Amino acid sequence: MSNMKISSFEEYHQVYKHSVEQPEEFWAGIADNFHWRKKWDNVLSWNFKEPNVKWFEGAKLNITENCLDRHLDTLGDKPAIIWEPNDPTEDHRILTYKQLHDKVCQFANVLKNNGVKKGDRICIYMPMLPELAIAVLACARIGAIHSVVFGGFSAQSIADRIKDAECALVITADGGFRGTKDLPLKSVIDDALVQCPSVKRVIVLTRSRTPVSMIKGRDVWWEDEIKKVETQGSPVCPVEEMDAEDMLFILYTSGSTGKPKGVVHTCGGYMVYAGYTFANTFQYTPGEVFFCTADIGWITGHSYIIYGPLSQGATTLIFEGIPTYPDAGRFWDIVDKFKVNILYTAPTAIRSLMSFGLDPLKDKDLSSIKVLGSVGEPINEEAWHWFDDHIGHNKAPIVDTWWQTENGGHMITPIAGITPTKPGYATLPLPGIQPVLVDENGKEIEGNGVSGNLCIKFPWPGILRTTYGDHERCRLTYFATYENMYFTGDGCLRDEDGYYKITGRVDDVLNVSGHRIGTAEVENAINMHSSVVESAVVGYPHDIKGQGVYAFVVSPGQHGDADLNRKDIIMTVQRIIGPIAKPDKIQFVSGLPKTRSGKIMRRILRKIAEGDTANLGDTSTLLDPSVVEEIKAGAL
Ligand code: WTA
């Protein structure tokens with residue numbers, strides 16, 4: 001496994017050169033570090049026109065054999081998962097590789113008993129428990145395609161995702177704990193399933209002991225089902241032999257349109273990419289404890305809580321709670337308690353913890369920390385330095401990892417301790433990644449000291465293969481803007497040293513606390529409120545969340561209290577999408593600035609939301625320039 005690790009900056013440059021000149025040879029060499037039931041006939045075939053990308057065609061594997069079985073001889077009694085509960089007085093749990101293997105086999109047998117077959121889609125809506133990882137791995141073991149939905153999404157969002165993927169089965173829990181909150185997960189699923197005839201079975205894990213209603217013939221308890229397989233005898237579950245290009249999972253993510261899309265990753269390429277990037281970026285060495293604070297409902301959790309670390313035989317820490325419960329020292333307690341060596345978190349968490357000052361750090365021993373990581377949004381220099389000074393004590397390199405759901409794993413990032421870092425910079429591409437900056441017309445901008453739209457011009461094993469059920473959407477979103485390139489949707493600067501700094505989205509996607517939210521989705525939700533005629537949503541700089549959600553709402557029919565109406569609209573968004581998309585500011589306006597052809601001029605709204613009203617640019621092409629004055633005057 002360690003054959004893939006780069007050990008010096010000089011070696012990075014050599015490997016990078018090789019990866020660009022001989023990509024197939026390079027990736028075949030990396031893939032050799034994994035366990036294949038049959039090797040590939042062909043390393044890569046691709047075109048970005050359709051797009052059609054295939055890695056390791058003809059190869060046979062099962063990712064769980066790589067994450068579990070192959071470690072049993074050497075690491076069987078070593079911890080695979082450390083789980084820390086929300087409530088610090090509850091006991092933590094440790095699962096060794098052997099125990100995790102057995103539990104995955106058991107639950108895979110439960111799935112089979114409940115009629116699940118290779119290729120079936122399974123929706124997972126669970127709290128951050130070892131059982132969530134077990135459910136994910138059990139699906140992968142039998143070739144079922146998992147679609148994990150983040151626990152903060154509403155019934156409507158879950159229903160949309162279940163319908164899109166035509167899921168046959170849902171795995172959930174009675175409820176979950178996050179900070180002081182109890183999440184009524186099963187009840188949310190019940191609401192969602194009213195709309196979802198494809199779901200024939202719901203498996204419910206006991207966690208919170210919140211009363212739930214179990215529907216006869218549809219709902220079963222996780223624990224009862226486990227008992228059934230225990231009495232059946234054999235605890236093993238042989239792996240399903242998968243083709244490298246068989247689907248492994250679907251993960252929904254927001255884009256510029258109102259409907260989230262199901263990003264599809266496949267077994268072989270994703271495994272190689274998640275494992276390779278985990279080993280290199282973090283420079284993981286055996287025995288270290290790796291703590292990624294993301295939720296498994298996002299790609300970061302898929303790749304760097306489950307598949308990346310486990311494929312490399314690492315110890316991965318799953319934390320059920322939030323950074324500020326019971327107080328703002330919780331992360332540091334966890335680091336201290338388990339002697340965490342690598343901490344991977346998000347700028348929004350860092351900024352939020354910064355706001356509590358240094359008190360929560362008192363008497364916390366952070367000396368185990370060797371590497372720090374950041375992901376999800378641009379990290380501002382202030383947060384970078386705070387992280388470096390107070391958490392890493394200037395001894396732990398920070399890896400600012402830029403990548404996306406569609407990428408499967410890190411794309412542009414320092415390699416810990418090897419790539420010289422610069423605050424706010426994702427620095428250099430990993431081997432195999434060929435970034436280019438292009439101008440509006442798709443012309444490549446060469447040289448250094450330039451900025452443009454970030455594209456990637458050559459495939460890597462972790463690239464998305466399609467968007468579920470709608471390949472054309474995949475083509476249009478990522479491969480049609482610029483010919484022969486994957487378009488990321490991000491703006492980017494390449495400085496004089498050739499270092500990359502991501503400047504943020506250039507499309508109508510917001511990044512709120514590291515969560516991707518499409519403005520169109522929020523607008524659709526707001527427009528469902530009975531008083532609303534139309535709305536426009538833009539982002540604005542927010543001290544903690546990175547970006548906040550600013551909604552301009554036309555609501556002529558509203559009577560009485562504007563604040564009540566605001567609350568109502570916020571509730572609507574919460575119900576339709578989930579709390580993560582709640583507008584931070586709602587400004588009622590009599591009209592939106594539109595061009596004569598009816599297009600909303602978002603550029604103007606963005607400037608107003610940012611408080612930058614001095615120079616709104618040319619407004620003469622507007623249908624009714626006077627609305628701009630009104631909106632400016634009423635800005636929040
Ligand atoms: C943003 C998260 C700056 C970016 C893994 C990207 C970042 C979007 C960084 C993907 C970073 C992620 N620096 N921006 N280190 N990492 N982003 O799909 O805008 O949830 O397009 O994947 O987050 O978000 P996603």
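Buried, as used here, means under 20% relative accessible area, exposed means over 50%, and partly exposed lies in between, with a 1.4 Å probe and protein chains only. Helices (H or I, at least four residues) and strands (E, at least two) are DSSP runs, numbered from the N terminus. With these terms in place, helix α8, residues 185-193, is mostly covered, since seven of its nine residues are buried, and the buried ones are Leu185, Lys186, Val188, Ile189, Asp190, Ala192 and Leu193.

The model is a predicted one, in which local features need pLDDT of at least 70 and side-chain atom pairs count only at pLDDT 80 or more, while totals for chains, interfaces and linings use all residues. Residues are numbered from 1 along each chain as its sequence is written, and side-chain values use heavy atoms, with hydrogens and water left out.

## Domains and cores

By an automatic or database domain assignment, the protein is divided into domain 1 (2-421), domain 2 (437-505) and domain 3 (513-519 + 527-633). The C-alpha centres of domain 2 and domain 3 lie 28 Å apart.

A nonpolar core is a set of buried Ala, Val, Leu, Ile, Met, Phe, Trp, Tyr and Cys residues joined through side-chain atoms within 4.5 Å. The largest such core holds 174 residues, and Phe56, Phe107 and Tyr307 touch the most other members. Helix α6 (residues 130-142) gives this core its largest share, which is ten residues. A second, separate core has 29 residues, including Ile82, Ala328, Trp332 and Ile350.

Contact means heavy atoms within 4.5 Å. Leaving aside neighbours within four places in sequence, Tyr307 is in contact with Ile63, Cys67, Val136, Leu137, Ala140, His146, Leu248, Phe249, Tyr270 and His302.

## The ligand and its surroundings

A residue is near a molecule if one of its heavy atoms lies within 4 Å of it. Seventeen residues surround the ligand in this sense, and the closest are Asp400, Thr401, Thr405, Asp490 and Arg516. Helix α11 (299-311) and the strands β20 (398-401) and β25 (500-505) each supply at least two residues of this shell.

A polar contact is a pair of N or O atoms within 3.5 Å; within protein, one must be able to donate a hydrogen and the other to accept it, and residues adjacent in sequence count only if both atoms are side-chain atoms.

| Residue | Protein atom | Ligand atom | Distance |
|---|---|---|---|
| Glutamate 377 | backbone N or O | nitrogen | 3.3 Å |
| Proline 378 | backbone N or O | nitrogen | 3.4 Å |
| Glutamine 404 | polar side-chain atom | oxygen | 2.9 Å |

Taken alone, the ligand exposes 520 Å², and the protein buries 96% of that. These areas come from the Shrake-Rupley method with a 1.4 Å probe; for residues, only the protein chains shown count as cover.

Threonine 488 is found in strand β24 and is buried, with a relative accessible area of 3%. The side chain of threonine 488 reaches the backbone nitrogen of aspartate 490 at 3.0 Å, and Asp490 is itself among the residues closest to the ligand. Not counting residues up to four places away in sequence, threonine 488 touches Trp402, Gln404, Leu454, Cys455, Ile456 and Arg505.

## Residues in loops

The peptide bond from glutamate 50 to proline 51 is cis, with omega near -10 degrees, and proline 51 is found in the loop between β1 (42-47) and β2 (52-57). Another cis peptide bond joins tyrosine 325 and proline 326, with omega about -5 degrees, and proline 326 lies in the loop between β17 (315-319) and α12 (330-338).

Histidine 393, placed in the loop between α14 (381-391) and β20, has phi near 45 degrees, a positive value in a residue other than glycine, and is partly exposed, with a relative accessible area of 41%. Asparagine 484, in the loop between α15 (471-479) and β24 (486-494), likewise has a positive phi, near 65 degrees, and at 46% relative accessibility counts as partly exposed.

Threonine 595 sits in the loop between β30 (585-589) and α18 (602-609), yet is buried, with a relative accessible area of 16%. Beyond residues up to four places away in sequence, threonine 595 touches Met601, Thr621, Leu622 and Leu623.
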